[in-house]
Amino acid sequence: GSYAFQNLDDVKTVSIPESVKYIYSYAFSGCTGIVSMNIPSRLETLGSYAFSDCRSWEGTAVVPGTVSYVSEGAFNYCQSLEEIVLS
């Protein structure tokens, strides 16, 4: 749900199950230690500021074509991401 994992600085890698269809608002916001994360291929909605301030997340974030809505600030302050791919 919303704020589920907010501000967990010690988390480095996140593997979200393929069964997840919604990532709610601020779910991973402020997880500044995350360097890698997968986004499930069946995801439908990405909540506002879901990954905001995940500033160590490196590489590419791939948002699958099943996502019909990306809310405001979803990748706000993810300054280490090199690319965000919207399918």
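**Close-up views of a predicted model**

View 1. Let's start with Ile84, which lies in strand S7 (residues 81–86); strands here are DSSP runs of E with at least two residues, numbered from the N terminus. Ile84 is partly exposed at 41% relative accessibility, where buried means under 20% relative accessible area, exposed over 50%, and partly exposed in between (1.4 Å probe, protein chains only). Together with Val70 and Leu86, Ile84 forms a nonpolar patch on the surface, with about 270 Å² of accessible area for the three together. Such a patch is made of residues with over 30% relative accessible area and no salt bridge, its nonpolar side chains (Val, Leu, Ile, Met, Phe, Trp, Tyr) being joined within 5 Å. The areas come from the Shrake-Rupley method with a 1.4 Å probe, and for residues only the protein chains shown count as cover.

A word on reading these views: this is a predicted model, in which local features need pLDDT of at least 70, side-chain atom pairs count only at pLDDT 80 or more, and totals for chains, interfaces and linings use all residues. Residues are numbered from 1 along each chain as its sequence is written, and side-chain values use heavy atoms, with hydrogens and water left out.

**View 2. Val14 in strand S1.** Val14 sits in strand S1 (residues 13–14) and is buried, at 11% relative accessibility. Although Met37 is 23 residues away in sequence, the C-alpha atoms of Val14 and Met37 are 4.7 Å apart. Beyond residues up to four places away in sequence, Val14 touches Phe28, Ile34, Ser36, Met37 and Asn38; contact means heavy atoms within 4.5 Å.

**View 3. Phe51 and the largest nonpolar core.** This core has 22 residues, and those with the most contacts inside it are Ile23, Phe28, Phe51, Trp57 and Phe75. A nonpolar core is a set of buried Ala, Val, Leu, Ile, Met, Phe, Trp, Tyr and Cys residues joined through side-chain atoms within 4.5 Å. Setting aside neighbours within four places in sequence, Phe51 is in contact with residues including Ile23, Phe28, Trp57, Phe75 and Cys78.

View 4. The structure holds zero disulfides, a disulfide being a pair of cysteine sulfur atoms within 2.5 Å. Cys31 is in no disulfide, and its nearest cysteine sulfur, that of Cys54, is 5.3 Å away. Cys31 is buried at 1% relative accessibility, and Cys78 is buried at 8%.

View 5. Ser29 belongs to the loop between strand S2 (22–23) and strand S3 (36–37), while Ser52 is in the loop between strand S4 (45–46) and strand S5 (59–63). Both are buried, Ser29 with a relative accessible area of 7% and Ser52 at 7% relative accessibility. Leaving aside neighbours within four places in sequence, Ser29 is in contact with Gln6, Asn7, Tyr49, Ala50 and Ser52.

**View 6. Arg55 and Asp53 in a salt bridge.** The structure holds one salt bridge, and in it the side chains of Arg55 and Asp53 meet at 2.9 Å, N to O. The term means a side-chain nitrogen of Lys or Arg within 4 Å of a carboxyl oxygen of Asp or Glu. Arg55 is partly exposed, with a relative accessible area of 38%, and Asp53 is partly exposed at 22%.

Notes: Helices (H or I, at least four residues) and strands (E, at least two) are DSSP runs, numbered from the N terminus. Patches are made of residues with over 30% relative accessible area and no salt bridge: like charges are joined within 9 Å, nonpolar side chains (Val, Leu, Ile, Met, Phe, Trp, Tyr) within 5 Å.
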